[in-house]
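Work through the exercises below with the sequence and structure at hand. Try each task before reading its solution.

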Amino acid sequence: MYSKILAAVNEHLNSEISARYALKLAKACGAKFSLCFIAEKGLSQSDFNRAEDAMKRLFIEAEKADIQAESITETGEPVKEIEKIVRHEKINIVFASTRREDVEKRFYAGTIARRLSLNLPCSVALVRVVHMGRIHPRKILVPLKARIDHVRERAYFTAKMAECCDSKVFIFHATKPITKFFHGEVHLTPLEWGKRLPDDIAGFMRYLEKYSIEHEGRLSPGRAGRSITTEAAAKRFDLVIMGSSKRSLLSSIFKGNPVEVVLRETLCDLIILNPRHEDK
Amino acid sequence: MKINSLSIDEVFQSLVTSADGLSEEEAKRRLAEFGYNEIEEIKKRPLIFKFLSQLTHFLAILLWVAALFSFLSEYIHPGEGMLTLGFAIVGVIFINAIFAFIQEYRVEKALAAMKKLLPFYVRVLRNGKEAEISAREVVPGDVVTLMEGDKVPADIRIMETNEIKVNNAPLTGESEPVGITKEPFSGEIINSPNIAFAGTMVVSGSAKGVIFSTGMRTEFGRIAHLTGTVTPGTSPLQKEITRITRVVTAIAGTTGLLFFSIGYLIGRTFWENFLFAIGIILANVPEGLLPTVTLSLAMGSQRMAKRKALIKNLTSVETLGSVSVICTDKTGTLTQNKMEVKKVAELCDNAPEKVQGVSLFHIALLCNNTKEVEGNLKGEPTEVALYKAAVDSIGHIENKRLKEFPFDSDRKRMSIINSMRDTTYVLAKGAPESILQISSRCFKDKDIVPFNEAMKEKSVELYHSLMDQGLRVLAFAYKEISSELEFGREEAERDLIFMGFIGLEDPPRPEVAEAIQKCREAGIRIIMITGDGSRTAAAIAKEIGLIKEKATIVEGAEFLKMSDAELHSVLSNEEIIFSRMTPKHKLRVVNILKEQGERVAVTGDGVNDAPALKRADIGISMGTGTDVAKEAADMILLDDNFATIVNAIEEGRAIFENIKKFITYIFAHLTAEAVPYILFILARIPLPLTVMQILAIDLGTETTPALGLGVEPPEATIMKQPPRPRGKGLIDRKVLFNGYIFLGLIGTIGVLFAYFFVLNKGGWKWGVELPIDAALVHQASTATFLGIVMMQIGNVFACRTQTESVFKIGIFGNRLILWGILAEILLSAFIIYHPWGNKIFSTAPVPLSVWLLLIPFMLLLFFAEEARKFFVRRKGLSTKP
């Protein structure tokens, strides 16, 4: 599915760390690995050098890992230039990092990360680097909604990330509590919740089984965003992989946006995947 | 692979830094990316929204609609008193909202207490030079220097160490300082000996290291995050109040609408019907319920404080009563935390001291960090006990400590190099399995012989037999070395001469066995979570009656390997002990128990207990615990005693039963308020009760006696019943029948009798319509008002017990009820006889004959309830085997 992987690097440390995730995925998929640095207008020489140094270090890491790699340096507007590269090189997935200042913006609207996720014609993995001590994630938390699109690609991405780090995958679905008007909240045991596993999640798990990835699943009642961050913190997960938000601005204002909550509160690294490969 | 498993060069490469630290520019950049190194408050729903939600639930909406129509009515038909009514209804909404808010309100201070554990300043290398900067400005990649007395600012991978020892108590609960190394370690970060964790403190030595995690991303931040985010969910009482509110709203709304429609059909005007509907709704709404519940909980918490259980938020008082599982620590809670040496067991009977001048007590005395300060012994309880026993046995010894290899949870031992009587020794003590592992020789008939398999087996049997007696067992070994040698740890802890074991006892608290028996009878499971070994834990548990023969014992290592499903299955067992556990595992145990539907109480005293304390239905902190644990807990045990938890549960159960009693009491008068109203509309009798009089009863006269019901002592059988099941709430069919129908109808008969007595005496004839402001109407409605008040006096005595006869507990045994009745009578007298009361509540004085007339009905109600209880008791007895 992924034969060409591109990682966008800049002068910030987190872009280098997120590119390492791309490097791992390239290794697992046997894909060609491309690094790109788009120098925006007005970039200082020291920032330019910093980005170049990061590219060099990553290139060396790729060589050591025996991964076919190439680097591209361009000047211009990052989103447009990366889009050009994606189209020209027929890239399957792009890794880009989100920054703290992106996260602080409501719904990270207007950020480069957001624009890349929306505009690129390929899949995009936005990486939020939070914890620098967990280099190879051994426990990956995958929160899923009841209805998910691109199940196959999501499962493939998760499986390959787990495979390259020899990680165990935990699937988590935060659902609405069951309530009755006069009775209030109805308590269900995990076994009873398990019987209510949505079909798409069951399908996702079947794919993981196909890829021979060790996994566990759990449904829990509660608000999605907070439940995910609490689950990740309580069980010391190293990485969270979740889908990008499909909620409209209005819906996000009234109902909240779980992706935004996780972006802000997560204590471990987070990858937000926006898949584009059609399920066949 | 994690940062702890990398070599120093790989660490630098991974964090893109160097031994010279970061440049100022890069540090600024990273600060912008990773944020300040501080504990952040978790974003929560603002208090104002929490308060507003109390104004917008079902009942509140119903009352808002009623108030709105009252104001509208005043606008269309001014001067009919609807404005006052509208304001009164709004007042009721706010009173209920305030009391509900008081119940839920809790100041969160746990994170503030955690913040105090981080330092203000720290020494870092910036641009290759050491600088002191604010600790909140350090970033991943910074190289920092740690010195004795420093608080560790962030999670740091140590790269150079000079005998550094840190106290990890905030993270692990272990007060014993641990040494930190620089060598890579392949396990989990949290267990890694090459990491200094944020929030811990350097006890001695110094070190240099590189920061890899700051602020909320540190282990300390993780605890803060969990402490700030996990919640026990809505308390059982809050759920019940919501449920009652919905039931009452449905009853009130439906009857209001029903009688509005009937009134319309029989030809009453819209406004007459509307006034009537509002009256019916208000008559059905127990306006005084929430204030009474809140005050009752407050009084309950005061009573608990007298029994050494300090309650921090009101609803916990009732939640305690529903607890079905208690997860408790052992040391200090079930036991007295007074270690003393009970047994000394040597492999060889001949004292080896005669051979090499070292006895088991020499090691116990010297390989020990207890300090004598102004005649008092300061140190970890086990070490203090060893020190005392050794001094008693051999006195003080002149010696010099040359080196120490501190205790760590991985090796489970400590060792020292010591010079004594011109000889240098390695002295070691630790967990038996750990010391046996590094011993290769032992004594046999004064000779040093190889420690063969048979002897090792004999040693294992020996220490198992000590553990089976409930003793904490430590093993001791030593060897003589040449003083010139510079020994490293591995070399020192090799090829030792095994000496023997010392068994220490931490005696159980005397009152614990009885408390555990009480829990058994009350169907409450107790799960012991201890850092002790399985055998010691099991022996103590048997001694105090916690387990019988076949208990499930899960060791920490086994626990970590278990999946949630496996743990679910283990936790379904009746008798469980978790041994060799650390506080950080408690949260998982609590989570799984809660998933099983249990109501969980958990004890804890350390910083890392805080998330479990927050998650449990009842978090119980020890009075001697850390500030963080106390802030995270719902209840603080002032005496650290397990028996106090059981007393508090008994009190909690009593409060639940008492709330049930005053719900019956409150429901009973709702019928007496509603039926005259219904007759008013259907039988066209003069107005028997005004809306203001209803409010005077609900929020005034009946509140004080109801408070008296809230302090009834627990009934004798309260701890002989299993915890109430999840579905069983404050109101059920029995409560509704007893309140609305049985007591309600008896009370209604008395009330109507007084009402018609006054009308009849005033010359009213059936079918004659009287103006609403006629003196006779005022007097008749006053008789109804007084009737309800008098019936409630009989009712409050009747409701004091549920099945027992009130005579058995002493009819005048509750002083608060007597004071409450006095207050009720005085307030009623004011309303009936004072001109202000007459004006506000549209009342008129009634003669003494009305009071006297009501007394037989009051007694009838009381004795009818006594008869019902008698039949219930008889039925209960006859169904018993």
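**Exercise 1.** Does Ile544(B) count as buried or exposed, and why?

*Solution.* Keep in mind that the model is predicted. Start with the location: Ile544(B) lies in the loop between α20 (534–543) and β21 (552–555) of chain B. Next, count neighbours. Ile544(B) has 23 C-beta neighbours inside 10 Å. The cut-off for buried is 20 or more. Ile544(B) therefore counts as buried.

Now look at its contacts, leaving aside neighbours within four places in sequence. They are Leu334(B), Pro508(B), Val512(B), Ala513(B) and Ile516(B).

Finish with a distance. Ile164(B) is 380 residues from Ile544(B) in sequence, and their C-alpha atoms are 41 Å apart in space.

**Exercise 2.** Find the strand order of the open sheet of 8 strands in chain B, and then its edges.

*Solution.* The order is β8-β25-β24-β23-β9-β20-β22-β21, and the pairing is mixed. β8 (309–311) and β21 of chain B each pair on one side only, which makes them the edge strands. On average, neighbouring strands of this sheet are turned by 20° against each other, direction ignored.

β8(B) and β25 (residues 635–637) of chain B run antiparallel and are joined by 3 bridges. Within this pair, Ala309(B) sits opposite Leu637(B) of β25(B).

**Exercise 3.** Check the length of helix α6 (residues 151–165) of chain A, then decide how enclosed it is.

*Solution.* Length comes first. The helix has 15 residues. At 1.5 Å a residue, α6(A) should span 21 Å. Its end C-alpha atoms are 21 Å apart, so expectation and model agree.

Then take burial. In α6(A), 12 of the 15 residues are buried, so the helix is largely enclosed by the rest of the structure. Among the buried residues are Val151(A), Tyr156(A), Phe157(A), Met161(A) and Cys165(A).

Last, step past the end of the helix. Asp166(A) follows α6(A) and has a positive phi, near 55°.

**Exercise 4.** How many residues of chain B are in contact with chain A, and which elements supply them?

*Solution.* Count both sides: 36 residues of chain B are in contact with 26 residues of chain A. On the chain B side, α1 (8–15), α2 (24–34), β7 (201–213), α8 (219–229), α9 (236–265) and α23 (586–595) each supply at least two residues. Sort that side by class: 13 residues are nonpolar, 11 polar and 12 charged.

Key. Residues are numbered from 1 along each chain as its sequence is written. Chains are lettered from A and ligands numbered from 1 in the order in which they are written. This is a predicted model: local features need pLDDT of at least 70, side-chain atom pairs count only at pLDDT 80 or more; totals for chains, interfaces and linings use all residues. Two residues are in contact if their C-beta atoms, placed from the backbone, lie within 7 Å. Helices (H or I, at least four residues) and strands (E, at least two) are DSSP runs, numbered from the N terminus. Ala, Val, Leu, Ile, Met, Phe, Trp, Tyr, Cys and Pro count as nonpolar, Asp, Glu, Lys and Arg as charged, and the others, Gly among them, as polar. Two strands pair if DSSP finds at least two bridges between them. Axes are lines fitted to C-alpha atoms, for helices over the stretch in contact, and angles run from 0 to 180 degrees between N-to-C directions. The expected span of a helix is 1.5 Å times one less than its number of residues.
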